[in-house]
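Please look over the sequence and the model shown here.

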Amino acid sequence: MRAFERSLIVVAAAAVIAVGAGSAVWAQGGEWKAPADAKATKNPRAAQKTDKQALANAKKNIDTNCQSCHGSGKGDGPAAAALPPPKPADWTSAKVASETDGELFWKISNGRGAMPPWKHLPENDRWDIINYIRTLQKK
Ligand code: HEC
């Protein structure tokens, strides 16, 4: 076998392994837990929790990046119906309300399954999004 053919087989095998690992994560519909250290991380934007400008910026970010799935915050976005379970989370649910800011930050940053990772958004923007999510829960 020529080296070129051999390298093709290696690439194909790697692709099979990658897809396999991806679907294992996808199929993991059980409880989604953040690591303990992430859970304990304090919100560095806690002082901005009621900052109107920061919250307005977060709302804009959400309209652009999250609304298609999370809709009004209740997981009722236009793309939600087409997604297989687990469905986009209801941010106003008791479950999300019971999670720490650090836990939500870790989940938003890393994603799972259909929930994309948002590591590319500036950290402050991610924390401000969490501050905004908290305003939906106080009802
Ligand atoms: C393409 C659809 C989609 C988009 C866009 C999306 N999400 Fe999600 N989100 C999901 C799904 C699906 C889940 C449930 C994932 C699971 O439980 O495995 C989820 C779960 C969550 C959770 C709950 C985690 C938990 O279990 O407590 C939070 C918080 C969240 N998303 C925030 C966001 C934020 C913030 C954005 C925008 C920056 C966003 N999502 C954009 C699909 C999406």
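The report below goes from the whole chain to its parts.

## Overall fold and confidence

This is a predicted model. The protein chain holds seven helices and zero strands. Read from the N terminus, its elements run α-α-α-α-α-α-α. The chain has 139 residues, and 19% of them count as buried. Take the contacts between residues at least 6 apart in sequence: 61% of these join residues at least 24 apart.

Mean pLDDT for the protein chain is 87, with 78% of residues at 70 or more. One stretch, residues 8–25, has pLDDT below 50. Beyond near neighbours in sequence, that stretch makes two contacts in the model.

## The nonpolar core

The largest nonpolar core numbers twelve residues. Its members are Ala54, Ala58, Ala89, Trp91, Leu104, Phe105, Ile108, Trp127, Ile129, Ile130, Tyr132 and Ile133. H7 gives the largest share, five residues.

In soluble globular proteins, nonpolar side chains tend to be buried together.

Does the length of H7 agree or disagree with its residue count? H7 has 15 residues, so at 1.5 Å a residue it should span 21 Å. Its end C-alpha atoms lie 22 Å apart, which agrees. Buried residues in H7 are Arg126, Trp127, Asp128, Ile129, Ile130, Asn131, Tyr132 and Ile133. They pack against H3 and H6.

Ile129 sits in helix H7. Why does Ile129 count as buried? Ile129 has 26 C-beta neighbours inside 10 Å, and the cut-off for a buried residue is 20 or more. Leaving aside neighbours within four places in sequence, Ile129 contacts Ala58, Asn61, Ile62 and Ile108. Ile129 and Lys60 are 69 residues apart along the chain, yet their C-alpha atoms are separated by 9.5 Å.

## Helix H6

H6 is mostly covered, with seven of its ten residues buried. These are Asp101, Gly102, Glu103, Leu104, Phe105, Lys107 and Ile108. Their cover includes helix H2 (36–40) and helix H7 (123–137). Of the H6 residues, Leu104, Phe105 and Ile108 belong to the largest nonpolar core.

Just after H6, Gly111 takes a positive phi of about 65 degrees.

## The ligand shell

Which residues are closest to the ligand? They are Cys66, Cys69, Pro86, Ala89 and Met115, out of 24 that surround it. Two elements give two or more residues to this shell: helix H4 (67–70) and helix H6 (101–110). By type, the shell divides into 16 nonpolar, four polar and four charged residues.

Ala89 is a member of the largest nonpolar core. Pro86 lies in the loop between H4 and helix H5 (94–98), and a cis peptide bond joins Pro85 to Pro86, with omega about 0 degrees. For background, most residues other than glycine have a negative phi, and most peptide bonds are trans.

Notes. Residues numbered from 1 in each chain as written. Predicted model: local features only at pLDDT ≥ 70, side-chain atom pairs only at ≥ 80, totals over all residues. Helix = DSSP H or I, 4+ residues; strand = E, 2+ residues; numbered from the N terminus. Contact = placed C-beta atoms within 7 Å. Near = placed C-beta within 6 Å. Nonpolar A, V, L, I, M, F, W, Y, C, P; charged D, E, K, R; others polar. Core = buried A, V, L, I, M, F, W, Y, C linked by C-beta atoms within 7 Å. Expected span 1.5 Å × (residues − 1). pLDDT = per-residue confidence, 0-100.
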